[in-house]
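Please look over the sequence and the model shown here.

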Amino acid sequence: MFQRLLFAVLLSAAILPVLPSAQAAPQDRELKVGFVPGPYIDEFKLGVQPELEKKGYKIRFYEFSTGLEANSAVFKGDIDANVMQHTVFLDSYNERNKTDLVGIVQVPTPPMGLYSKKHKDLKSLKKGFTVAVPNDPVNLQRALWILQRLGWIRIRENKPVDVTELDVVENKVGLKLVLLENAQGPRALDDADFAAIQGNFAIFAKLKLSEAFILEDMKSPYINVLAVKKTRQSDAYARDLVEAYRSENFQKAIRGERFYDGFALPDYFGAAKSN
């Protein structure tokens with residue numbers, strides 16, 4: 001009898017729910033976000049992080065030297081999202097690496113521009129002058145478009161992932177292209193006559209958009225995005241990231257800093273309000 005009673009008591013204790021301590025505070029939700037050199041981590045800290053912290057998120061920042069590393073980290077689940085690439089590059093990365101990353105919201109993006117330390121204007125250039133351009137096909141095409149707008153070259157249309165220097169079908173001024181890693185663009189200014197530099201690397205190198213001879217006519221597919229795995233784009237953290245970027249506070253923060261003058265702004269910014 002005693003044994004049966006003891007068994008009943010133990011069984012009751014086993015199925016009782018474990019109640020949380022009244023003293024326990026809710027744990028912050030950790031969010032891991034990756035960046036490459038450029039302005040995106042600063043604009044995130046300026047206007048996105050405060051919105052997420054209101055919802056209890058604790059943000060951990062990860063900085064990568066290349067976009068390939070940042071994308072691999074998202075795909076492997078080492079980080080939750082990254083901010084550093086436009087949709088055309090992202091689609092190319094997915095195609096080449098059999099991955100499934102998606103952009104879920106656009107972010108303010110500095111355009112690619114043509115810079116020089118050796119020339120004050122574009123006149124009296126000697127045949128054979130050098131122009132450093134990105135060596136990846138997608139961003140090489142953007143650089144070639146800039147040179148074509150200047151009337152220096154003529155290029156044929158090609159898929160972004162297939163573009164090479166051979167797509168230059170007419171070289172009107174006898175320039176010489178020097179293909180380099182994207183991040184090397186600012187350093188190339190010490191040797192090359194000109195360099196077509198992606199906006200984030202120009203900003204990181206303390207170059208001003210106003211110093212460029214010409215800026216690209218940036219269209220929507222080339223405005224950078226926040227990227228996550230496709231299978232996680234409906235997760236709560238992804239929705240909260242989108243909401244934070246689209247928030248009025250983020251838009252006010254960007255519009256209130258002269259540093260972001262000249263950036264291409266996503267459509268959700270709408271028209272600037274007059275005072």
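The structure is a predicted model. It contains an open sheet of five strands, with mixed pairing and the strand order 2-1-3-12-4. Strand 2 (57-63) and strand 4 (101-106) are the edge strands; each has a single partner strand, so one side of each has no neighbour in the sheet. On average, neighbouring strands are turned by 35° against each other, direction ignored.

Strand 1 (residues 29-35) pairs with strand 2 in the parallel sense, and seven bridges join the two. One of the residues involved is Lys32, whose bridge partner in strand 2 is Arg60.

## A helix on the sheet

Helix 8, residues 236-245, packs on this sheet. Helix 8 touches strand 1, strand 2, strand 3 (81-86), strand 4 and strand 12 (224-229). The direction of helix 8 makes about 30° with that of strand 4.

## A pair of helices

Helix 2 (residues 40-54) packs with helix 9 (residues 248-255) at an angle of about 160°, and their axes are 9 Å apart. Angles over 145 degrees count as roughly antiparallel, and helix 2 and helix 9 are therefore described in that way. The crossing of helix 2 and helix 9 is right-handed.

On the helix 2 side, the contact is made by Glu43, Leu46, Gly47, Val48, Glu51 and Lys54. Helix 9 contributes Asn249, Phe250, Ala253 and Ile254. Of the residues in this contact, five are nonpolar, two are polar and three are charged.

Terms used. Residues are numbered from 1 along each chain as its sequence is written. This is a predicted model: local features need pLDDT of at least 70, side-chain atom pairs count only at pLDDT 80 or more; totals for chains, interfaces and linings use all residues. Side-chain values use heavy atoms; hydrogens and water are left out. Two strands pair if DSSP finds at least two bridges between them. Helices (H or I, at least four residues) and strands (E, at least two) are DSSP runs, numbered from the N terminus. Axes are lines fitted to C-alpha atoms, for helices over the stretch in contact, and angles run from 0 to 180 degrees between N-to-C directions. Contact means heavy atoms within 4.5 Å. Angles under 35 degrees count as roughly parallel, over 145 as roughly antiparallel, 65 to 115 as roughly perpendicular and the rest as oblique. A crossing is left-handed if the near helix is turned anticlockwise from the far one by less than a right angle, and right-handed if clockwise. Ala, Val, Leu, Ile, Met, Phe, Trp, Tyr, Cys and Pro count as nonpolar, Asp, Glu, Lys and Arg as charged, and the others, Gly among them, as polar.
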